Amino acid sequence: MTILQDFLKDLEELVNFDSGTRNSAGTTRAAEIMKRHYESIGFTAELVDLGPDCGKALRATNKPGAKHFDIMLNAHLDTVFPDGEAAARPFTQDGKRGYGPGCVDCKSGVLSIFYGIKCARKEDIDRLAILVCCNPDEELISPWSSPWLLEQGKTADRVLICEPARANGALVRSRKGSAIYTVTFHGLSAHAGNEPEKGKNANVALCRFIDAIYTKCNDFKRGTTVNPGIITGGKIVNAIPDLATVKLDTRFWNDDDGRWIRSQIEEAAKKEWAPGVTAELKLDSWLPAMPLSDKTKALVDVVNQSAKEVGFTAEWVDAGGGSDGNHIAESGVPVVDGIGPAGAFLHTAKEYVDLATIERQVMLQAHIYSHI
Ligand SMILES: [Zn+2]
């Protein structure tokens with residue numbers, strides 16, 4: 001059997017049962033299957049308990065006692081799909097593409113790590129301390145596994161995230177961080193016709209606030225963005241609105257810029273944008289940036305060199321969206337992403353994995369071990 005045939009057989013096993021993030025038994029089953037695979041090549045593998053709300057994670061290594069690893073690899077075990085999806089549309093392939101829930105996001109990535117190790121030169125694997133961490137909750141932005149991933153990442157010199165490569169095969173060398181804020185404006189209601197002067201207009205304050213913060217912080221060149229994605233305010237048209245709320249999605253290429261946006265929002269929230277209206281600010285979430293640091297550039301060079309040996313030129317993108325790479329990069333360890341097989345239409349029934357990229361990405365990983 002070829003690498004691709006073996007891979008597709010193992011992929012079919014991983015795709016053909018439900019493993020949505022909320023299906024703890026399903027994600028744990030995926031971890032158990034990968035544990036079996038790693039044990040078959042002499043790795044030490046264990047299931048990691050991340051609490052009662054999610055399935056088990058998988059931790060596998062060839063150097064069980066090591067405190068420090070040359071490389072860590074990560075991909076996630078969960079999918080976005082509800083129970084019943086695997087039975088409704090089990091794994092199929094047409095010679096060009098493979099289909100099925102989570103086939104490329106991220107089951108192919110999970111498997112590619114194992115195959116990359118299997119296909120690497122034995123002397124490289126013996127020489128290096130390798131750590132594999134697969135988490136069960138990425139599709140919910142890793143609420144339970146991110147502290148664990150961050151801790152594991154701190155023990156490694158470099159990290160590869162095996163999320164799918166882009167549909168055109170491109171890899172990801174940096175990702176924006178993001179923070180979400182809720183700003184609530186409190187005013188005073190009054191009849192819009194009889195005594196409008198007695199009202200304190202929360203909607204007007206909100207509009208002025210948004211305009212100011214958008215003008216100040218939204219800078220496509222610098223890469224800082226503020227999106228007032230959800231606005232609510234008022235209940236009826238003929239009363240002064242006493243309550244208005246905006247949810248702001250903010251993005252940044254480095255955490256300093258993220259903190260700068262935060263300080264601007266904090267300052268703006270203290271101002272009185274309409275007479276008598278006050279604002280209350282809440283930080284809903286904070287995802288650090290995965291920056292293109294000098295250490296990351298060195299890792300990009302290693303990947304480029306390995307790609308050349310496999311016979312292709314690695315293309316790179318800087319992505320506006322986040323992944324587990326963002327959580328792990330917080331400690332300063334260099335992280336690159338998109339090292340899994342390529343595909344498209346993630347999170348939909350049209351999702352596919354591009355079969356032509358499976359062996360390529362596996363061999364890319366295998367060659368990386370020779371250069372670290
Ligand atoms: Zn996904």
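Predicted model: local features only at pLDDT ≥ 70, side-chain atom pairs only at ≥ 80, totals over all residues.
**Entry 1: helices across the first sheet**

I examined one pair in detail. Strand β2 (residues 57-61) pairs with strand β6 (residues 130-135) in the antiparallel sense, over 4 bridges. Within this pair, I found that Arg 59 has Cys 133 of β6 as its bridge partner.

I followed another open sheet, of 4 strands, in the order β4-β5-β16-β15. Its pairing is antiparallel. Strands β4 (92-93) and β15 (343-344) form its edges, each pairing on one side only. I noted 2 bridges between β15 and strand β16 (residues 352-354), which pair in the antiparallel sense. Here Ala 344 stands opposite Tyr 352 in β16.

**Entry 2: the two sides of helix α8**

I checked the length of helix α8, residues 255-270. The helix has 16 residues and reaches 23 Å from its first C-alpha to its last, close to the 22 Å expected at 1.5 Å a residue.

Which residues of α8 are buried? I listed Asp 257, Gly 258, Ile 261 and Ile 265. Seen down the helix axis, these buried residues fall within an arc of 105°, so they line one face of α8.

I next asked what the buried residues of α8 pack against. Their partners are β9 (177-186), α7 (202-217), β10 (225-233), β11 (243-252) and β12 (278-287). On the face turned away from the buried side, I found the exposed residues Asp 256, Ser 263, Glu 266, Glu 267 and Lys 270.

**Entry 3: backbone details**

I looked at the peptide bond from Asp 105 to Cys 106 and recorded it as cis, with omega near 15°. Cys 106 lies in helix α4.

I then inspected the loop between β6 and α6, where Ile 141 has its place. Phi of Ile 141 is near 65°, a positive value in a residue other than glycine. Ser 142 lies in the loop between β6 and α6 as well. Its phi is also positive, at about 50°, although Ser 142 is not a glycine.

Is Ser 142 buried or exposed? I counted 27 other C-beta atoms within 10 Å of Ser 142. A residue counts as buried at 20 or more, so Ser 142 is buried. For Ile 141 the count is 17 other C-beta atoms within 10 Å, and Ile 141 is partly exposed.

**Entry 4: the chain as a whole**

I closed with overall values. The chain comes to 11 helices and 16 strands. Its C-alpha trace spans about 85 × 45 × 35 Å along the principal axes. Of its 372 residues, 49% count as buried. Among contacts between residues at least 6 apart in sequence, 78% join residues at least 24 apart.

Conventions. Residues numbered from 1 in each chain as written. Pairing = 2+ DSSP bridges. Expected span 1.5 Å × (residues − 1). Buried ≥ 20, exposed ≤ 12 C-beta atoms within 10 Å, placed from the backbone. Arc of directions from axis to C-beta. Contact = placed C-beta atoms within 7 Å.
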